[in-house]
Amino acid sequence: MPCDVAKRQYCGGTWQGIISRLDYIQNMGFTAIWISPITAQLNETTALGEAYHGYWQQNIFALNSHFGAIGDLQALATALHARNMSLMVDVVVNHFGWAGNGGTLDSSKMYPFGDRTYYHPYCEITNQDYRSDQTAVEQCWLGDDIVSLPDIDTTAASVRQTYDQWIRSLVSVFGVDGLRIDTVRHVEKSFWSDFNAAAGVYTLGEVFDGDITYTCPYQEQLHGLLNYPLYYSLTKTFEDASSKTTLLAAAITTIQASCRDPTLLATFSENHDNPRFLSQRNDLNAQMNVIVFTILAGGIPIIYQGQEQGFSGGNDPANREALWDSGYSTKTPLYMLIASVNQIRNHEVFASPEYLTDSTSVIYTDDHHIALQKGNIVSLYSNEGSNGTSSNITLENTRFQGNQPIVEILTCRNSTTDSNGNLRVTVQEGLPQ
């Protein structure tokens, strides 16, 4: 039977299951996977469902048996490494999970932080706190009266030492190549530098905020961040054909100038916390633009499972559809698009390693179109969607030479720049190029 995401329950999905589908993933051109938190979770079935997502942990030194055993996770890392692919594991530092109001916490159920003194006093974070009280954001609790998220006092030296030892062991024992770190802004910045060093691998922090001035400083402690400032501009631009691309162009330029290293930020348009694009705008051509942008606009591209199948779930939990219910078709338009565009990017990385550290330039904008150049790749996007009109656009300020032959990879059309290196492009039906 198909998984009913509204129940918020375990519905299959194991590390061995991922191993069995690595061909499906690698054939899209992916070189790494990001998996859910692996730690043991609270066992209760609550009014908010079960801890199938992995963010209600109760023992960081034990594995979530629903996903498999130690050998299964090690086998996944081994299988990935045999394909020259990498394993990124999601980890949670800020909190544990408790089935009840924070005032009822029995800390003895938590390991290794089994004493109430390891936790901040119970208080709830309010919407106003996010705007004006960073201390409350860091020390008060997430969650609600059904499932509260006991907030670890990460300022304590013993807590920091334990977490550093834990992450060092996790990376070593399971052959982990990178970490996605949950709820980073809910932990004081001073915690992250030592944790980052103890991990010894690439770290990608979630700072769930679109304000560039608030988000970018966290890159001083971690290698990379989920690029939420770009996410909000990207989705707003392409979810509404009346939006102007100048918003997206401004975000790209400001991020380039403000963040320590934009090439280490993760570009995305969907994830388990945000509604899928097609739930906001049911237009395949617009989705194609978003996916191509995600892969080619710069930074580290992340495609959320199911984008390749055209999943269209809205807010959590609707956006957490089970991939196996799709049948793993490799013939969907988006699967084939992702495979093609990843191939372009992977080829450029192989042929010109400096591509990864090259900055992204905005070389053209009008009300509905934006063109970027990174390395030798020029990409052109439209937010008009499938009802878009035919438009002729001349791209100037490229790095192309005069009279240089150019291939449009997605359609295999050939063209030539003019004597000044400018490229004339025809956009039809709002498709990316």
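Arg180 is buried, with a relative accessibility of 0%. The cut-off for that label is under 20% relative accessible area. The model is a predicted one. Arg180 has a charged partner: it forms a salt bridge with Asp182, and the closest N and O atoms are 2.9 Å apart. Asp182 is buried too, at 6% relative accessibility.

Side chains of opposite charge can pair when their charged atoms come close. The structure holds 11 salt bridges. Another of them joins Asp209 and Arg185, with 3.2 Å between the closest N and O atoms. Asp209 sits in the loop between β8 (202-205) and α8 (212-215), while Arg185 sits in the loop between β7 and α7, so this pair ties together parts that are 24 residues apart in sequence. Asp209 counts as buried at 18% relative accessibility. Arg185 counts as buried at 9%. Salt bridges with shared partners also build a network, which joins Asp90, Arg180, Asp182 and Glu206.

Next comes Glu188. Its side chain meets that of Arg160 in a salt bridge, at 3.0 Å from N to O. Glu188 belongs to the loop between β7 (178-181) and α7 (189-199), and Arg160 belongs to helix α6 (residues 157-174), so the contact ties together parts that are 28 residues apart in sequence. Glu188 is buried, at 10% relative accessibility.

Now turn to Gln41, in strand β2 (residues 39-41). Gln41 is buried as well, with a relative accessible area of 7%. Its side chain makes polar contacts to backbone. The side chain of Gln41 reaches the backbone nitrogen of Tyr55 at 3.4 Å. A polar atom of that side chain also lies 2.7 Å from the backbone nitrogen of Trp56. Beyond its neighbours within four places in sequence, Gln41 is in contact with several residues, including Tyr10, Ala51, Gly54, Gln57 and Asn64.

Finally, look at the sheet formed by β12, β13 and β14. These three strands make an open sheet in the order β12-β13-β14, with antiparallel pairing. The edges are β12 (361-365) and β14 (377-382); each has a single partner strand, so one side of each is left without a neighbour in the sheet. Neighbouring strands here are turned by 20 degrees against each other on average, direction ignored. Strand β13 (residues 369-374) pairs with β14 in the antiparallel sense over six bridges.

How values were computed: Residues numbered from 1 in each chain as written. Predicted model: local features only at pLDDT ≥ 70, side-chain atom pairs only at ≥ 80, totals over all residues. Heavy atoms only, no water. Pairing = 2+ DSSP bridges. Helix = DSSP H or I, 4+ residues; strand = E, 2+ residues; numbered from the N terminus. Axes fitted to C-alpha atoms, helices over the stretch in contact; angles between N-to-C directions. Buried < 20%, exposed > 50% of the residue type's maximum accessible area, 1.4 Å probe, protein only. Polar contact = N/O pair within 3.5 Å; in protein donor to acceptor, adjacent residues only side chain to side chain. Contact = heavy atoms within 4.5 Å. Salt bridge = Lys/Arg side-chain N within 4 Å of Asp/Glu carboxyl O.
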